[in-house]
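Subject: A structure for you to look at

Hello,

Here is the structure I promised to hand over. Please open it first, and then read on for what turned up in it.

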Amino acid sequence: MPGLLPARLAHTEDGTPYSETYDDVYHSADGGPGQARHVFLRGNGLPERWATRERFVILETGFGSGLNFLATWAAWLEDPHRCDRLHYLAVEKHPFRAEDLARLHQRWPDFAPLSAALCAAWPLLTPGFHRLEFASGRITLTLLLGEADTVLRRCEARIDAIYLDGFDPKKNPEMWLTRLFHHLARLAAPTATLATWCVAGEVREALRTAGFEVVKRPGFGRKRHMLAGTLAPVRSAAIESPDTHGHRALVLGAGLAGCAISERLAARGWAVTLVERHPLPASEGSGNLAGIVRPLLSRDDNLASRLSRACFLHARRAWTTLAASGHAARHDLGGVLQIARDAAHEAQMRALLATGDYPDDYVRFLDRQAAGERLGHTTPHGAWLFPGGGWANPPSLCHAMLAAAGSRVVLHADREASHIEYVDDQWRLHDREGAFIASAPILILTTGAAARHLLPDLPINPVRGQVSHLRQGLLPDFRLPACCEGYLTPALDGIHCLGASYAYDEGSELRESEHAGNLARLERILPGAAASISPHELDGRVGFRAATPDRLPLVGALADPEAELPRDIQLKDMPRRQGLYGLLGLGSRGLVWATLAAELLASRLSGDPLPIETDLADAIDPARFALREHRRRQKR
């Protein structure tokens, strides 16, 4: 993972925030808030242009101190005609640390409450997209951390206003390239506007080349001019807003995936009917007493690792938001250890973190002695410590999400849908006797591997997992959940969870052989702890993971298997089943993946900016397998 280099807080002699990296100030010496309002808000016709809109989207090319965001947020709060939801996307290569951001904002006491909320939600400084929510979800800040060219190329949104705000083109030319402006033109809505303090001739020409029409306007303070612009006619290629069919959806399956997408849609004002075949939510794979919460790491920081990191960090923020709204789930994210398998694996783990690319508050390496001290028990080898990882109780998370969704989600429990049909632009669910259950224009399948009974072509398979339950007091004391080709959790309700087996069959009975396998896993985590425990004395639980061939989820519109495909078709052009979506294949990582996967799908259905990069979204697109098979056949 290429690490981020945080900005260092510095000031000029008059106190103006200053970048030592680019030898330039973050805002006009004549006053930051005044510049933000004059150049960026008024330059884009705000707040008038967002009046009465359901959604308005702003993109800023340099977040910097966050001043433009705070000024925009304040203007939105003060406007009685404000849009219902404001999305603010911001690019930043060198973000401030939270403590420096807080010190910086002390210069603007009028923004103190907003600054406090922003700094409290500030993410760990890792590359990629980070979505933060404020004002009960009506203000959404998506930070695009990394090189501007990279993150904008991977951004999907429909932008209404652009704040073009980088350091001086002579000192930071990469922020003013024609290539960058072409990315902005691709993202811009047909009525998009832009504004910038910069009037350099080469910038004006680059904007015109990319398809923007710009004019000079009176500048702010001692700066004589600024630029304002609009997108030239017929130049926008921004995504079209989907037909949301009255914001009504059916969700089939009330596990982690189903509850997560129901809550995310309800937060956007959708009416959701949630259908579950058991009397209570979280009765199948999401019913385990406790599961581990940690990201994946890889030497090449591959797609799976990037997706895992994004989901892990987003889940932490989302659960904090749930708790703040009075709907806390049972969890403890006070740290988790991943112990090395052997000496060779330990050396690999140490080497991967030796580059310093990962911040210590995300992951750090502990040698055997330090790992043992942190765990409170001897470990066989060194370990990675994920300070923000831990354990969670999936059923309580499901109930918390449904409670947060409130009356916008109607649960039909103890109703098994055995047949689906699409009639008159509506998806209809029927039970085994043919009785009607519910209908809506949008149907989202979240039933894990059981979805194959409705759509046999789905590329998912059930994988049996048996968790062993160990009574509290049966194990020596230890302080943290830990993993080593298995996992062990601290006692919850008097029970430690130890697991889990991995078998390709659908038997639901407890098996002594799989308890024995779990005890072997325990021995790798807590040496000596399994010696006095007999597998035939253990209780436990069997659940079924939904696994895909590439071990990544299926999130999005489902492919149409009957459609004829052109030879060189691309993923975005793959034919889809009308109104039919999936949030499936979460495997053994539902706790980590479910929340951001649901935010991605809800964003697609609502026409919001995507919360992750497009290459990550493509990696979990359900149509990828049909496309791969099509390309394989073309090569024959």
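Contact here means heavy atoms within 4.5 Å. Please keep in mind that this is a predicted model.

Leaving aside residues up to four places away in sequence, Phe69 touches Phe63, Tyr88, Leu118, Phe134, Ile139 and Leu141. Phe69 also belongs to the largest nonpolar core, which has 83 residues. Trp50, Phe69, Leu118, Leu141, Phe181 and Phe212 are the members that touch the most others. Helix H2 (residues 67-78) gives this core its largest share, 8 residues. There is also a second, separate core of 82 residues, and among its members are Leu256, Ala282, Tyr362 and Ile442. As background, nonpolar side chains tend to be buried together in soluble globular proteins.

Next, please find helix H14, which covers residues 590-606. Its 17 residues reach 23 Å from the first C-alpha to the last, close to the 24 Å expected at 1.5 Å a residue. Just after H14 comes Gly607, with a positive phi of about 80°.

Finally, have a look at strand E30 (residues 554-559), where 6 of the 6 residues are buried. E30 runs antiparallel to strand E31 (residues 576-584), and 5 bridges join the two.

Enjoy exploring!

Best wishes

Methods:
Residues numbered from 1 in each chain as written. Predicted model: local features only at pLDDT ≥ 70, side-chain atom pairs only at ≥ 80, totals over all residues. Heavy atoms only, no water. Core = buried A, V, L, I, M, F, W, Y, C linked by side-chain atoms within 4.5 Å. Buried < 20%, exposed > 50% of the residue type's maximum accessible area, 1.4 Å probe, protein only. Helix = DSSP H or I, 4+ residues; strand = E, 2+ residues; numbered from the N terminus. Expected span 1.5 Å × (residues − 1). Pairing = 2+ DSSP bridges.
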